[in-house]
Amino acid sequence: MKQQQYFTLKDVQLNNNCPECYSNEGLELIFKQRFVENAFYKAITQETIHEMRCNTCNTDIFPVRWTDDIEQVVAYQERAVTPKAKSLKLKKLAWLFIIVDAILLIVVILFATGVLSF
């Protein structure tokens, strides 16, 4: 089963007013990057997301509630964040699968050409 996760790239404390409680402190912007892991490989993708949360009133702030000031700060922070490079790492099961397939392919080719016979 394919499992998708996100890891935190950058965590920024904002000085803007919270649209819910109007507090100047506690507004937090979190950038996350997608990490995919299954039985065959681990991979970091280029997909990034951002979440905003107010730690004072403990609410998630969705883009619909953002003010113009918050949108400008988020746009600036999006340009400032640098995602990790896209990568792919094969697990032992994948390497085993590749090696077994290669051996089977070689045996079939040798059997078809007549070099190997039973």
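**Core contacts, backbone angles and a surface patch**

Leu27 touches Val12, Gln13, Leu14, Asn16, Asn17, Cys18, Met52, Arg53, Cys54, Ile61 and Ile70, when residues up to four places away in sequence are not counted. The model described here is predicted. Leu27 also belongs to the largest nonpolar core, a set of 13 residues. Together with Leu29, Met52 and Ile61, Leu27 is among the residues with the most contacts inside this core. Strand β2 gives the largest share, three residues. In soluble globular proteins, nonpolar side chains tend to be buried together.

Two loop residues were examined for their backbone angles. Most residues other than glycine have a negative phi. Tyr22, by contrast, has a positive phi, near 60 degrees. Tyr22 is located in the loop that links β1 (3-14) and β2 (27-37). With a relative accessible area of 62%, Tyr22 is exposed, because the cut-off for that class is over 50%. A positive phi, near 55 degrees, is also found at Asn58, again a residue other than glycine. Asn58 lies in the loop between β3 (41-54) and β4 (59-61). The relative accessibility of Asn58 is 52%, and Asn58 therefore counts as exposed under the cut-off of over 50%.

Phe40, Leu93, Leu96, Phe97, Val100 and Leu104 make a nonpolar surface patch of about 570 Å². One of these residues, Val100, is found in helix α2, which covers residues 92-113. Val100 has a relative accessible area of 40% and is therefore partly exposed, since this class lies between the limits of under 20% for buried and over 50% for exposed.

The relative accessibility of Ala75 is 28%, so Ala75 counts as partly exposed. A comparison of sequence and space was made for this residue. Ala75 and Val107 are 32 residues apart in sequence, and the distance between their C-alpha atoms is 57 Å.

Note on methods. Residues are numbered from 1 along each chain as its sequence is written. This is a predicted model: local features need pLDDT of at least 70, side-chain atom pairs count only at pLDDT 80 or more; totals for chains, interfaces and linings use all residues. Side-chain values use heavy atoms; hydrogens and water are left out. Patches are made of residues with over 30% relative accessible area and no salt bridge: like charges are joined within 9 Å, nonpolar side chains (Val, Leu, Ile, Met, Phe, Trp, Tyr) within 5 Å. Accessible areas come from the Shrake-Rupley method with a 1.4 Å probe; for residues, only the protein chains shown count as cover. A salt bridge is a side-chain nitrogen of Lys or Arg within 4 Å of a carboxyl oxygen of Asp or Glu. Helices (H or I, at least four residues) and strands (E, at least two) are DSSP runs, numbered from the N terminus. Buried means under 20% relative accessible area, exposed over 50%, partly exposed in between (1.4 Å probe, protein chains only). A nonpolar core is a set of buried Ala, Val, Leu, Ile, Met, Phe, Trp, Tyr and Cys residues joined through side-chain atoms within 4.5 Å. Contact means heavy atoms within 4.5 Å.
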